[in-house]
Amino acid sequence: MVKYKQFGNGLRLVVNKMEGMLSVSIGVLVKTGSMNESNIDNGISHFIEHVMFKGTEKRSAFEISDHIDRIGAQINAFTSKELTCYYTKSTREHAEEALEILSDIFFSSKFDKEELEKEKGVVIEEIKMSEDTPEEVCLDLLSQGYYGKSGLGQTILGSSKNIKRFTRDDVIKYMDKYYTADNVVISVAGNIDIERATSLVEKYFADKFTRLKSQPQAKTQIPNPQNLLRSKRIEQTHIGFAMKGISLNDKDSDAFAIANIVFGGGMSSRLFQKIREELGLAYSVYSYASGYKDNGILEIYAGVNTSLRDLAVSAILEQIEVLKKNKITEQEFSRGKAQIKSAFIMGQESTASQMLLYAKHLILLDKEFDLTDRIKRLESVSMKDVNDVIDKYFDIKTMATATVGSKRSPLKI
């Protein structure tokens with residue numbers, strides 16, 4: 001049973017009571033991420049996520065971790081392009097303690113100058129680790145190639161230069177813009193009812209906000225596809241392609257997801273079977289769809305032998321043309337639909353998955369998630385629907401590309 005509540009200050013709560021579960025997952029989601037950042041503060045959403053755990057008025061960084069471990073719970077956070085999430089998972093009996101700890105870091109973090117300086121080093125090492133992962137470099141470059149150097153085209157981690165420059169005042173100023181009651185959703189999933197969850201949120205969150213209204217969110221971006229190159233002395237060449245996708249709430253989202261699964265979403269996909277199994281051109285090759293509030297993107301990636309880069313590019317583009325010309329088969333359609341349905345059903349068995357599902361729908365789309373309607377829409381997708389989205393979206397002419405490797409020329413499409 002799913003219940004929703006909005007408090008007077010704009011804070012929203014969604015509770016999914018899952019009978020029979022022994023755990024409770026709690027998420028505090030803030031509607032801001034890298035797409036809301038300017039070039040000079042790119043990376044600050046992720047940096048704030050880190051420093052929130054570095055000590056409060058009540059607890060040191062160690063005491064936060066120690067308290068969580070003493071109750072056998074888990075605590076973590078993540079930043080995406082559109083939101084930041086702080087979450088816990090605990091047994092039902094320790095749900096209140098877990099929420100109190102989330103409240104403590106959310107409202108009482110000290111952002112001590114010495115701790116901030118130490119954490120800068122940690123985040124910079126994370127950036128270096130990403131730089132040492134050519135696949136990540138390629139996909140970040142691909143986002144920039146499709147969206148440009150701002151908004152959704154920016155990396156989540158930001159640059160080392162930016163991280164070194166951030167101050168406590170920068171953190172507070174950014175949080176004043178977006179860490180506001182109307183810009184936060186608290187999501188609870190597990191064996192806990194709306195009355196209990198409401199009581200706890202009132203106690204630890206609802207009345208603690210001093211900032212009530214957020215700044216305007218970043219506007220929708222108009223893609224401007226480019227062919228980008230990043231020279232790097234590595235053994236392989238990493239190639240990426242980006243085409244127009246669909247937004248989170250698009251009526252064709254399920255049909256598009258099936259098309260992606262058929263094309264490059266798994267080991268039975270056309271890309272995997274052709275590029276890896278038949279031609280032996282890549283160890284890793286796949287496609288995936290990223291849906292945002294107002295738009296989306298379909299991305300294709302492959303790591304290939306440098307001398308065979310152009311052959312691999314031709315083979316991938318050929319698979320797009322074959323898909324557009326011949327469409328999908330009944331067997332592919334049934335298999336793709338079954339994969340989406342099973343993944344969705346399996347997600348119903350996880351408190352963490354349910355916490356995120358209902359929260360993201362509410363915070364990004366301002367809508368209550370309807371499970372019955374969602375299943376009906378999935379069941380109603382036809383093979384024609386899938387072939388129609390292939391015609392509409394699998395378009396080489398509007399494609400952005402990214403190349404990372406020793407070659408000094410970008411892809412030619």
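1. Strands here are DSSP E runs of at least two residues, helices are H or I runs of at least four, and both are numbered from the N terminus; two strands pair if DSSP finds at least two bridges between them. Tyrosine 4 has valine 14 in β2 as its bridge partner. Between the strands lie 5 residues, and glycine 10 takes a positive phi near 100°.

2. A word on the basis: this is a predicted model, in which local features need pLDDT of at least 70 and side-chain atom pairs count only at pLDDT 80 or more, while totals for chains, interfaces and linings use all residues. Residues are numbered from 1 along each chain as its sequence is written, and side-chain values use heavy atoms, with hydrogens and water left out.

3. Next, the open sheet: 5 strands with mixed pairing follow the order β7-β11-β8-β10-β9. β7 (227–231) and β9 (282–291) each have a single partner strand, so one side of each is left without a neighbour in the sheet.

4. Within that sheet, β9 pairs with β10 (residues 296–305) in the antiparallel sense over 9 bridges. Serine 287 stands opposite isoleucine 300 in β10.

5. Finally, the helix pair: α1 (residues 44–51) and α4 (residues 113–131) pack at about 125°, their axes 10 Å apart. Axes are lines fitted to C-alpha atoms, for helices over the stretch in contact (heavy atoms within 4.5 Å), and angles run from 0 to 180 degrees between N-to-C directions. Residues of α1 in the contact include His46 and Phe47, and those of α4 include Leu116 and Glu119.
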